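I opened this structure for the first time today and kept notes as I went. The entries below follow the order in which I looked things up.

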Amino acid sequence: MHGGINRPEPGTGLKVHFKDSKGNHIKTVEVNEGDSILEIAHEYDIDLEGACEASLACSTCHVILPPEYYDLLPEPGDDENDMLDMAFGLTDTSRLGCQVIMKKELDDIIVTLPAATRNMYVDGAKPTTH
Ligand code: FES
């Protein structure tokens with residue numbers, strides 16, 4: 001088992017195109033509505049970490065979306081924005097991959113992996129505010 005999601009029958013799913021930080025195509029995969037980008041990445045062996053398993057406590061699932069797709073998503077919540085602030089290589093169209101849930105309108109989305117991730121919160125260390 002990888003990400004615990006089901007792969008659609010070839011030719012029936014929504015398409016997601018993964019690119020690396022330099023814009024090189026990594027792979028195109030087919031997925032179902034309701035799958036998150038993080039689950040999809042794990043299922044298809046894309047190098048997206050997701051250290052906190054979608055509990056909004058890390059920024060290692062950071063991905064960069066095309067603006068036209070970014071605009072189709074619900075606004076990020078405060079928790080997501082807090083984590084995004086810590087993401088390395090943050091852009092105006094960055095999201096946390098575990099919060100991007102596939103739907104029909106997102107068919108053919110291009111998901112770009114950031115240049116690097118910063119793992120400082122991965123092993124349980126919590127940021128202190130004072
Ligand atoms: S996996 Fe940690 S916030 Fe998405």
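**Entry 1: salt bridges**

I began with Lys-104, which is exposed, with a relative accessible area of 56% (exposed means over 50%, buried under 20% and partly exposed in between, with a 1.4 Å probe and protein chains only). I noted that this is a predicted model, in which local features need pLDDT of at least 70 and side-chain atom pairs count only at pLDDT 80 or more, while totals for chains, interfaces and linings use all residues. Residues are numbered from 1 along each chain as its sequence is written, and side-chain values use heavy atoms, with hydrogens and water left out.

I then looked for the partner of Lys-104 and found its side chain meeting that of Glu-33 in a salt bridge, 3.1 Å from N to O (a side-chain nitrogen of Lys or Arg within 4 Å of a carboxyl oxygen of Asp or Glu). Glu-33 lies in the loop between E2 and H1 and Lys-104 in the loop between E4 and E5, so the pair ties together parts that are 71 residues apart in sequence; helices (H or I, at least four residues) and strands (E, at least two) are DSSP runs, numbered from the N terminus. Glu-33 is partly exposed, at 47% relative accessible area.

I counted three salt bridges in the structure. Another of them joins Glu-80 to Arg-95, with the closest N and O atoms 2.7 Å apart, and it links helix H3 to strand E4 across 15 residues. I found Glu-80 buried at 3% relative accessible area, and Arg-95 is buried too, at 4%.

**Entry 2: helix H3**

Which residues of helix H3 are buried? I listed Glu-80, Met-83 and Leu-84 within residues 78–85. Seen down the helix axis, these buried residues fall within an arc of 100 degrees (taken from the directions from the axis to the C-beta atoms), so they line one face of H3. They pack against strand E3 (62–64) and strand E4 (94–96), where contact means heavy atoms within 4.5 Å. On the other side of H3, I found Asp-78 and Asp-85 exposed.

**Entry 3: the core**

I looked up the largest nonpolar core, which has 30 residues (a set of buried Ala, Val, Leu, Ile, Met, Phe, Trp, Tyr and Cys residues joined through side-chain atoms within 4.5 Å). Helix H1 gives the most to this core, with four residues. Ile-40 is among the residues with the most contacts inside the core, and I noted that Ile-40 touches Val-16, Phe-18 and Met-102, among others, not counting residues up to four places away in sequence.
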